Amino acid sequence: MNTNQIEGLIGMLMVLGILVLLVLPSAFGVVRDRRADRRIREAQEARGEREGQKSSSRSTVPSTATWYADGRRSKKLVSS
């Protein structure tokens, strides 16, 4: 190898090194986002299974406190 070939090889390696430095953070970000998405999906599935078991015992009628608070809000809007 002569001097020109060595300089070309060094230049090419430097360009590849810079490219890796630019791409590496985004690759880590993609991996981290996929891991977070997987954890969220697993948590939602686990939550869905737990809620599926409890749903039969729950009432769908709003509580008295919710009904009272909604009534108070509507009266405030009308009176002001």
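1. Arginine 39 counts as exposed because its relative accessibility is 55%; exposed means over 50% relative accessible area, buried under 20%, and partly exposed in between, with a 1.4 Å probe and protein chains only. Arginine 39 sits in helix H1, which spans residues 3-54.

2. A word on provenance: the model is predicted, with local features needing pLDDT of at least 70 and side-chain atom pairs pLDDT 80 or more, while totals for chains, interfaces and linings use all residues. Numbering runs from 1 along each chain as its sequence is written, and side-chain values use heavy atoms, leaving out hydrogens and water.

3. The chain has two helices and zero strands (DSSP runs of H or I with at least four residues, or of E with at least two, numbered from the N terminus). Of its 80 residues, 0% count as buried.

4. Arg32, Arg35, Arg38, Arg39 and Arg41 form a positive surface patch. Patch residues have over 30% relative accessible area and no salt bridge, with like charges joined within 9 Å and nonpolar side chains (Val, Leu, Ile, Met, Phe, Trp, Tyr) within 5 Å; a salt bridge puts a side-chain nitrogen of Lys or Arg within 4 Å of a carboxyl oxygen of Asp or Glu.

5. Helix H1 also holds valine 23, partly exposed because its relative accessibility is 43%. Valine 23 belongs to a nonpolar surface patch of about 1200 Å², whose members include Met1, Ile6 and Leu22.

Methods:
Areas by Shrake-Rupley, 256 points an atom, 1.4 Å probe, with all protein chains shown as cover. Lys, Arg positive; Asp, Glu negative; His and termini not counted. Charge placed at Lys NZ, Arg CZ, Asp CG, Glu CD.
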